[in-house]
Amino acid sequence: MPDVRQTDHNSRVIRLSDYRAPDFLIDSVELVFDLGEEDTRVTAHLAIRRNPEALDRPAGLRLEGEALRLLSVALDGESLGENRYRVSDDALIVDGVGEAFTLDVVTLIRPQDNTELSGLYKSGGNFCTQCEAEGFRRITYFLDRPDVMTRFTTTIRAEAKRYPVLLSNGNPVAGGEDPDGRHWARWVDPHPKPSYLFALVAGDLTAVRDEFITRSGRTVSLAIWVRRGDEDKCGHAMASLKNAMAWDERVFGLEYDLDVFNIVAVSDFNMGAMENKGLNIFNTKYVLAKPETATDADYQGIESVIGHEYFHNWTGDRVTCRDWFQLSLKEGLTVFRDQQFSADQGSPAVKRISDVRTLRARQFPEDFGPLAHPVRPESYIEINNFYTATVYEKGAEVVRMIHTLLGPDKFRKGMDLYFARHDNQAVTIEDFVSAMQDAGGVDLSRFKRWYSQAGTPEVTVSERYHPESRRYEMTFRQQTAPSPGQPVKDPFVLPIAIGLLSPEGREMPIRLDGEEAEGRPGTRVLTMTGMEQTFRFIDVAEPPTPSLFRGFSAPVKVKGVPLDRLKFLAAHDGDPFARWEAGQQAATRHLLDLVHAWRRGEALTADPDLLDASRRTLAGGDADPAFAALALGLPAESALADEMAVVDVEAIHAARQFLRGEIGRALGTELAATYERLTDKGSYRPTPAAIGARALRNASLSYLSATGTAEAKALLVAQAETAGNMTDTLAALGLLGDVEGPERAAVFQDFYERWQHDDLVIDKWFALQAVSSLPETLERCRSLLAHPAFDLRNPNRVRSLIGAFSQGNQLRFHEAGGAGYAFLAEQIIAIDPLNATMAARLTQPLGAWKRQDAARQSLMRLALERILAVAGLSKGTFEMASKSLQ
Ligand code: ARG
Ligand code: ZN
């Protein structure tokens, strides 16, 4: 039975179609923070006027506020009696205001009790903020919506000894000592901005400094603020920042626009990082790294998140979103920009493969499940639930398709036009697409369906070759399954990057019927606009093998490519992405055959072609070790689950383990030789070449360990204990986590003792235990909840234990009795009153019940119902759990 509160949540759905311009605007705000151990006093002086564009003229002003204690309100300098305003638990309403006026509002807040980590809170004894999406209203009453852009002046007062560093947005303009051991600093941000980009930090921090000289010759002071003792872990973040600044100038002509750029690392943070103007606040995970404590993946994560937040300065801060339905306007575009940046720093093909893997692992399931939503959603209860892979990663794919359709030069012109038209504005996705359309000279009206329709299109292809006329025809069909609220889909516009391969694997010239010019060999982009469309090629000398969706030119699933063709492409395709893809598809087919054989109780046999292909990949591995490591990898268990009508987690695990063992045995000599040859003799460097070599070496180790021999086990233990960098240590430890026997416990214990003072390393220690395939894993997770290093209030810890188990351990999470589901439900219920954003995010795996068997389906639904039965459930968790049941 839903209680009153929950009916209430349902009645407060926010809809895009209800958007109205704000009735009032706030031109400037002067904030004064008196930071205290008990109460923090916030004084806000607001200059407000009626919005000339507002449709109606209400008498009263309504400001949002949440968890605030109101002390006083003054209108045009005159203190207001309580009959002149009203306060509710989410607003302050002031009656009888004029055309333009000032408002002084004083509130009290308690940052030290703020476990939601939204608004002003404390982390590691320091004050910090997170205001996106709606956290500013937890600091003071405001028009807390992105289309209200305001000039901010911020004064911070605090005890000088405890909080020597006082930071906010913009540039520092003044400061001084107060008599009572307190001090103050004032910051002015010259750029108008929405309240979600406000930030404040006060604490005992130390700076690693550098500078950047912009293309036009201005010097920008850069600082990364961390806890004392972490200074030696900032080098990679700083180098990444400078690379990002130079890259945005070179590729997009975009320069930084303040004199200082500050980054602060905090260990309690709901997300990865936040692009507050001039004062980015980061999860320590995306700042701190040194070879002994951070893996190659961590180094790459830091580079891309530092880039991402920096790139937001233009795509997000200078041009922001009109409303939160437009979130992908800044996030999809900025993810696209950070992907391009990282690709340019290393191997574009390797980067593309890993981005596509992320999309498939995280976004495809969203599109298939009950939480499917378009890149631009149409309604929400809690906006924090829409910081999703669909809005971010699929949003980036949509921008990439525009880039593919326009080509890089016109795309750049489109970006220039977007900034020329909309600098300092809060705009819509529509505005972005219009700029691209106008600069590109193309019609993107049908293309825009990518923003409004949810779902992953499935594409099938049929073809005919006519030897007499040397003509070749391909007919593409697309189909997209219904999603919540969208029973029927219009066709998506698909850029199809294709190549035609001769029987020897050469690129054949491509010439469409009706074209004047001779065909040229190589990749060609076709544009599909209908549900079904035929392309006719002429001058085709031999029956070709088509290579489709090269570089993953559209986020679709291609179905029905014959297995022999996949094998041919895996060996010969000149496009590295397509070559990798064909190999993965072939391995998927084979693994699914093994799954079915296992279910029928038959003996399993490995496909000799797959073993040969792996042997060839390994033999040629030195040419591009990073690519070889990816090509040798088998599809994840979750990717195999995605291909089954009814998932069988045990069969998937068994089939995949069998094949890993077979590869390990068949290629034992070559794997051992590769492992030896790639042993890193020099010191650790996070260069693409060194990262690639470690990836291939650890891939070899993984297959060797899959044979289960005593020798292989010894190799794991040796690497876990003696490796000189965290990448190699963790690779061995992860494999050892799946191995029964006394070695595992001892190595994990040693690791804990060695690293117990490094939070980020201990996160890894929790996560590795949570993803172990061993039968006792759930029980171990339960006991880890009581470990002294575990803390339900710290999002990184929650993600590394509860998140890793429920999202990274399909085998144990979906255990037949439903104990994994019950575990997750209990944790969500415990976290919800502390941090509703985190609790809501954790709910996602329970929504993936559609492909489970009937017994698991009802157990998963039961877990969701248990969550919904909690009195006083947050609206965010309510939204996730109730929609997951649909
Ligand atoms: N804008 C941040 C980013 O670029 C994400 C912050 C979202 N925070 C939140 N509580 N929803 O990734
Ligand atoms: Zn972002």
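Ala626 is in contact with Ser347, Val350, Pro688, Ile691, Gly692 and Ala695, leaving aside its neighbours within four places in sequence; two residues are in contact if their C-beta atoms, placed from the backbone, lie within 7 Å. The model is predicted, so local features need pLDDT of at least 70 and side-chain atom pairs count only at pLDDT 80 or more, whereas totals for chains, interfaces and linings use all residues. Residues are numbered from 1 along each chain as its sequence is written, while chains are lettered from A and ligands numbered from 1 in the order in which they are written.

Ala626 lies in helix H13, residues 625-632. Helices (H or I, at least four residues) and strands (E, at least two) are DSSP runs, numbered from the N terminus. Ala626 is buried, because 25 other C-beta atoms lie within 10 Å. A residue is called buried if 20 or more other C-beta atoms lie within 10 Å of its own, exposed if 12 or fewer, and partly exposed in between, with C-beta atoms placed from the backbone. In sequence, Ala626 and Ala349 are separated by 277 residues, but their C-alpha atoms are 9.7 Å apart in space.

Thr140 was examined in the same terms. Thr140 is found in the loop between strand E11 (126-130) and strand E12 (150-159). Thr140 is buried, because it has 28 other C-beta atoms within 10 Å. Not counting residues up to four places away in sequence, Thr140 touches Val42, Ala44, Val105 and Thr107. Of these, Val42 is 98 residues from Thr140 in sequence and 6.9 Å from it in space, C-alpha to C-alpha.

The UniProt record, an unreviewed entry, assigns "domain: Aminopeptidase N-like N-terminal" to residues 114-197. UniProt positions are given in the numbering used here, feature names are shortened, and annotations may be inferred rather than shown by experiment.

Two strands pair if DSSP finds at least two bridges between them. Within this sheet, strand E5 (residues 69-75) and strand E9 (residues 100-109) run antiparallel and are joined by six bridges. Arg69 has Leu108 in E9 as its bridge partner.

A further UniProt feature, also from an unreviewed entry, is "domain: Peptidase M1 alanyl aminopeptidase Ig-like fold" at residues 455-559. Over residues 455-559 the chain is 0% helix and 45% strand, with its end C-alpha atoms 15 Å apart.

Four strands make up an open sheet of mixed pairing in the order E31-E26-E25-E33. The edges are strand E31 (532-537) and strand E33 (557-559), each of which has a single partner strand, so one side of each is left without a neighbour in the sheet. On average, neighbouring strands of this sheet are turned by 25° against each other, direction ignored. The axes used for such angles are lines fitted to C-alpha atoms, for helices over the stretch in contact, and angles run from 0 to 180 degrees between N-to-C directions.

Strand E25 (residues 458-466) pairs with E33 in the parallel sense over three bridges, and Val459 stands opposite Val558 in E33. The pairing of E25 with strand E26 (residues 471-479) is antiparallel over nine bridges, with Tyr465 opposite Tyr472 in E26. The hairpin of E25 and E26 has four residues between the strands, and Arg470 there takes a positive phi near 55°. E26 and E31 run antiparallel and are joined by six bridges; the bridge partner of Glu473 in E31 is Arg536.

Strand E27 (residues 494-501) is largely enclosed by the rest of the structure, because seven of its eight residues are buried. E27 runs antiparallel to strand E30 (residues 524-528), to which five bridges join it, and Pro495 stands opposite Thr527 in E30. With strand E32 (residues 545-547), E27 pairs in the antiparallel sense over three bridges. Gly499 has Ser547 in E32 as its bridge partner.
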